[in-house]
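Have a look at the chain first.

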Amino acid sequence: MTIEALMKSLDNIEAELKTMDTKAAGELATLGKVTADTKTALEQLGTEQRTLADRLTQLEQKGVLRAEGEKPADTWGAQFCKSEQYKAFAGGQVQKMRVEVKNTVTNTVANTAPERRPGIVSGAFRQLTLEARLVSVPTSSNAVEFVRESVFTNAAAETAEGAPKPESGLTTTLENVPVATVAHWLKISRQLAADNAALVAYINLRMRYGVDLRVENQILAGNGTSPNMHGFLKVGNHTAHGYTAAQLQTLGLANNGFDLIGLMIGDTQAGDFPADTILLNPTDWWKLRLTKDGQGRYLLGDPGMDAPPVLFNRPVEISSAVPVGNVAVAALAAAGTFHDREAVTIDMSESDGDNFTKNLVTIRAERRCMLAVERPLAFRYGPLKPAAA
């Protein structure tokens, strides 16, 4: 399937999502709940959208940027000569011409080149992994409320016949987390939008990626201050591992990262939230991966036989969203739930500022979502190599 076909399919799904979302809002208003059929339809559409978006990202990462059968783009000189500004200048209608470049992507440049290579040389695309590791459900509201257990005192005990039964205690807290809006925009020339479909498709891909990249960072680092998401590293949304270098030494352990991670896994299991994921920054992972013993052998195995990152039989998710020098060990499936209000949508408009007079088009990418951290004890975090005290 070509990029253009994928983009058309995504647009169709987004239109269906808006329709179903309106239906869900109506059901919520009239029935007080969303029907099972509507929920199933929303989930199916969300799955189809994510699948198509993944395929689009894979095509870009493999360098497939031109539609099948598309002709190579004009050279810079050819595009310059075809521009409306040059035609007006050559026809004597204006005495000078100006090319808009500030905060604008344009296909007319005051330059010449002997040849333009087909396609686009892309920038870096980070592999996004955190959202995929979380339980994800759709929401049709602008906020999500949930009751979080604060303290449970278990007084259950064997009781003699006729004796009073012990009383346990349970304290809960009502949490209300708003849905966050993540968005950005840029301008392109109207001529570009009409003449270079491949470049516009690439720009749309970049805009979608930019939104999802920010969401990836906010899942961890969102501080909860409006309009930020409530990420795992927000105070109260995780449990600090609490170890110091001196404590490791007292336990007869090395301050090498490996022993600390093992302790954190043990702590999550002791707290009845067995860890299913280890989160590390790429810099820290590769320091651990390249660690050698006294005879120069790699502790994590021969590089020629490398396998997916694993420590203590737990998968390691390597993400630049994790601050360098820190580590998280978590039962992600239990720690929180990701709620999707709207998938990434792309809108284009000429009615923005002075777009009409400058023949510009504004492209906006936007997504609405939030993270509900329900069990902070299931997410442990702190320095990979603790300080002395």
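## Start at Phe 232

Leaving out residues up to four places away in sequence, Phe 232 touches Leu 134, Ile 219, Leu 220, Asn 237, His 238, Leu 332, Ala 335, Gly 336, Leu 371, Val 373 and Phe 379; a contact here is heavy atoms within 4.5 Å. Phe 232 is buried at a relative accessible area of 2%, and Phe 379 is buried too, at 0%. (Buried is under 20% relative accessible area, exposed over 50%, partly exposed in between, using a 1.4 Å probe and protein chains only.)

A word on ground rules: this is a predicted model, where local features need pLDDT of at least 70 and side-chain atom pairs pLDDT 80 or more, while totals for chains, interfaces and linings use all residues. Numbering runs from 1 along each chain as its sequence is written, and side-chain values use heavy atoms, with hydrogens and water left out.

## Two ring pairs

Two aromatic pairs turn up, counting Phe, Tyr and Trp rings (six-membered ring for Trp) with centres within 6.5 Å; planes under 30 degrees apart are stacked, over 60 edge-to-face, the rest tilted. The rings of Phe 125 and Tyr 209 sit 4.6 Å apart at their centres with planes at 50°, so that pair is tilted. Both Phe 125 and Tyr 209 are buried.

Phe 232 and Phe 379 make a stacked pair, 4.4 Å centre to centre with 5° between the planes. Phe 232 is in the loop between H7 and S6 and Phe 379 is in strand S13, so the pair ties together parts 147 residues apart in sequence. Helices (H or I, at least four residues) and strands (E, at least two) are DSSP runs numbered from the N terminus.

## The cores

The largest nonpolar core holds 36 residues, and Ile 219, Leu 220, Phe 232 and Phe 379 have the most contacts inside it. Such a core joins buried Ala, Val, Leu, Ile, Met, Phe, Trp, Tyr and Cys residues through side-chain atoms within 4.5 Å. Helix H7 gives the largest share, seven residues. A separate second core of 18 residues includes Leu 263, Met 264, Ile 278 and Leu 288.

## The sheet

Six strands form an open sheet with mixed pairing, in the order S6-S13-S10-S7-S9-S8; two strands pair if DSSP finds at least two bridges between them. S6 (239-240) and S8 (310-311) are the edges, each with a single partner strand, so one side of each has no neighbour in the sheet.

S7 (residues 277-280) and S9 (residues 314-318) run parallel over three bridges, and Ile 278 has Val 316 in S9 as its bridge partner.
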